[in-house]
Amino acid sequence: MRALMHSKFGDPAEVLTIENIPVPDPGPGEVRVRTLLSPIHNHDLWTIRGSYGFKPEFPARSGSEAVGIVDAMGEGVTGLEIGQRVATGGTFGVWAEYFIAKAAALIPVAEAIPDEVAAQLVSMPFSAISLVESLNLEEGDWLVQNAANGAVGRLVAQLAAARGINVIGLVRRSAGVEELSAQGIGNIVATDTEGWVDQVHAIAAGAPIIAGVDSVGGSASGEVLSLLAENGTLVVFGAMQSPVMEIGSGAVIFKQVTIRGFWGSKVSASMPAEKRRELMGELFKHLGAGDLTLPVEAIFSLEEAGAATQANFAPGRVGKIMLRP
């Protein structure tokens, strides 16, 4: 079968190659899945660069989320059928014609859900709803986040709003305000405009901003922190711009702000099964009601992986970049 592989860390557009490798056989409790569609996530590319918390052994496969068809099942697998369509997130090595997944990591997908939605159903939406859940915010509370036009930023805005939580989103380009407005997401402020801090406070109308989410790093971390009220919480989700956070000590000391990290895979692994089912049910409910949208920007073949990884960082991208074997 064809699979995207890399033998060293580096720029995905340069180190990813298509290799012909044996089709794997599932072991006990495992399932072989024929890949239909897989999204490109930032953490997939960080893994290939060697800058993520997970570092694979070489030669390494790539990709972590997909929708596909059950092709073979190992000993002891129950509750699934050959030919059934399933989705998975956090299963490493899915950028290939086939992949092996633990049966427990597969979610059956209803016929009404298109491949484009099912392919990105688990990782980002579940991380987003887990993030919102972890903030312990009440209806009417205020949250501010940067990278508001990123995949997680869009999802957090929609999921928090569905819970009655007020979200202010920060984007680095004025054009991002209109892009999000077209998706029905409001309260967006562009940090490249004069007086943007005043705009944020005007939107909140004096209400305390209790929590902030930083997905950018660098000076953007301090910008989000500066907007928080006393005893607020800054959650570090990512570092798109810089792995170093520029935060003034005064804001931390005098506001008594709490700063903590959030890594979706760790949170999910430690979450009780009942809570995972509850949050996944909430996701399905919002998808069915149209409160949650998962747009796709473009679909590339495995042979076009280099162009696909570059397209992932194109300014103004609205939806996910996908790979199809």
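Which residue stands opposite Ile100 in β6? Select Arg32 and you have found the residue that faces Ile100.

Before going further, a word on the model. It is a predicted one, in which local features need pLDDT of at least 70 and side-chain atom pairs count only at pLDDT 80 or more, while totals for chains, interfaces and linings use all residues. Residues are numbered from 1 along each chain as its sequence is written, and side-chain values use heavy atoms, with hydrogens and water left out.

**Stop 1: strand β3**

Select residues 30-39, which make up strand β3. Helices (H or I, at least four residues) and strands (E, at least two) are DSSP runs, numbered from the N terminus. Of the ten residues in β3, eight are buried, where buried means under 20% relative accessible area, exposed over 50% and partly exposed in between, with a 1.4 Å probe and protein chains only.

Strand β6 (residues 98-102) pairs with β3 in the antiparallel sense over five bridges. β4 is also antiparallel to β3, joined by six bridges, and here Val31 stands opposite Met73.

Arg32 lies over its face, 5.9 Å from the ring centre. The criterion for a charge over a ring is NZ of Lys or CZ of Arg within 6 Å of the ring centre and within 35 degrees of the ring normal.

**Stop 2: an aromatic cluster**

Next, select Trp46, Tyr52 and Trp263, which ring pairs link into a cluster. Rings of Phe, Tyr and Trp (its six-membered ring) pair if their centres lie within 6.5 Å; planes under 30 degrees apart count as stacked, over 60 as edge-to-face and the rest as tilted. The whole structure holds five aromatic pairs. One of them, Tyr52 with Trp263, is edge-to-face, at 5.6 Å centre to centre and 85 degrees between the planes. Tyr52 sits in the loop between α2 (42-49) and β4 (65-73), and Trp263 in the loop between β13 (258-261) and α10 (264-270), 211 residues apart. Trp263 is partly exposed, with a relative accessible area of 32%.

**Stop 3: the parallel sheet**

Show the six strands of the open sheet in the order β10-β9-β8-β11-β12-β13, paired in parallel. β10 (188-190) and β13 are the edge strands, each with a single partner, so one side of each has no neighbour in the sheet. Zoom in on strand β9 (residues 166-171), which three bridges join to β10; Val171 has Ala190 as its bridge partner there.

**Stop 4**

Which residues of α7 (196-204) are buried? Trp196, Val200 and Ala204 are. The buried residues pack against β8, β9, β10, β11 (209-214) and α8, with contact meaning heavy atoms within 4.5 Å. Just after the helix, Ala205 takes a positive phi of about 55 degrees.

**Last stop: Ser221**

Finally, select Ser221 in helix α8 (residues 219-226). Ser221 is buried, with a relative accessible area of 0%. Leaving aside neighbours within four places in sequence, Ser221 is in contact with Asp214, Leu234, Met245, Glu246 and Ile247.

Key. Two strands pair if DSSP finds at least two bridges between them.
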